[in-house]
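Work through the following exercises with the coordinates open, and compare each step with the solution given below it.

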Amino acid sequence: MRVKALETLLTEKGLVDPAALDAIIDIYQNQVGPQNGALVVAKAWADPVFKARLLADATEVVAELGFYGRQGEHITVVENTLERHNVIVCTLCSCYPWPLLGIPPGWYKSDAYRARVVREPRAVLAEFGVVLPEGQAVRVWDSTAEMRYLVLPMRPEGTEGMSVEELAALVTRDAMVGTGLATVPQ
Ligand code: FE
């Protein structure tokens, strides 16, 4: 209601064009989404040189693929390993790498997720169905307007010889936030 009221006021004063707003919303609802991030992850799994570059300077590397723009000005990719699992949050609001994942889901913006994932990450992950081995550390990354994160999940076993397209189909949105794991092929 507040957003609608604000939009009406700004439109009446001639400060925003509703058609421009609709175009922006269409881009982030229909054209930009987790399929972008999934392609980046699949390419990193398939190509060690790409992966090394991605971990060193994600913003530049994903921009080369055409993934840049609002809320994607500064992106860091953090790699899951047997030793460490990474999870992303924005404790202050809802910062999220839009060009790679689209619009954040409701739970990402919720007070409960933002507060609890910092205090008890393993309990929150378990509620998402992710139970980590005790020996695997959990690192929580707090996003800001200056830096947004994407998790590079571990490549599942049994995926040798898969194409980038086949690999990308295994990469879920939650796997790239850290609240999920990549899908194991059946
Ligand atoms: Fe934020």
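**Exercise 1.** Classify the accessibility of Lys51 in this predicted model, and describe the salt bridge that Lys51 forms.

*Solution.* Next, look for the partner, which is Glu79, with the closest N and O atoms 2.5 Å apart. This pair links distant parts of the chain, since Lys51 sits in helix α4 (residues 48-56) and Glu79 in strand β1 (residues 75-79), 28 residues apart. Finally, Glu79 is itself partly exposed, with a relative accessible area of 26%.

**Exercise 2.** Determine which residues supply the donors of the iron ion, and decide how the arrangement of the donor atoms is classified.

*Solution.* First, list the protein donors, which are Cys90 (SG), Cys93 (SG), Cys95 (N) and Cys95 (SG), at 2.1 to 2.6 Å from the iron ion; in sequence, the donor residues follow the spacing C-x2-C-x1-C. Then examine the angles subtended by the four donor atoms, which run from 80 to 132°. A tetrahedral assignment requires all angles to lie between 85 and 135 degrees, and the arrangement here is therefore irregular.

**Exercise 3.** Describe the salt bridge between Arg114 and Asp111.

*Solution.* The side chains meet at 3.3 Å, N to O, and both residues lie in helix α8 (residues 111-119), three residues apart, about one turn of the helix. Arg114 is buried, with a relative accessible area of 16%, while Asp111 is exposed at 60%.

Methods:
Residues numbered from 1 in each chain as written. Predicted model: local features only at pLDDT ≥ 70, side-chain atom pairs only at ≥ 80, totals over all residues. Heavy atoms only, no water. Donors = N, O, S within 2.8 Å, 3.2 Å for Na, K, Ca; no water. Tetrahedral: all angles 85-135°; square planar, octahedral: opposite > 155°, others 65-115°. Salt bridge = Lys/Arg side-chain N within 4 Å of Asp/Glu carboxyl O. Helix = DSSP H or I, 4+ residues; strand = E, 2+ residues; numbered from the N terminus. Buried < 20%, exposed > 50% of the residue type's maximum accessible area, 1.4 Å probe, protein only.
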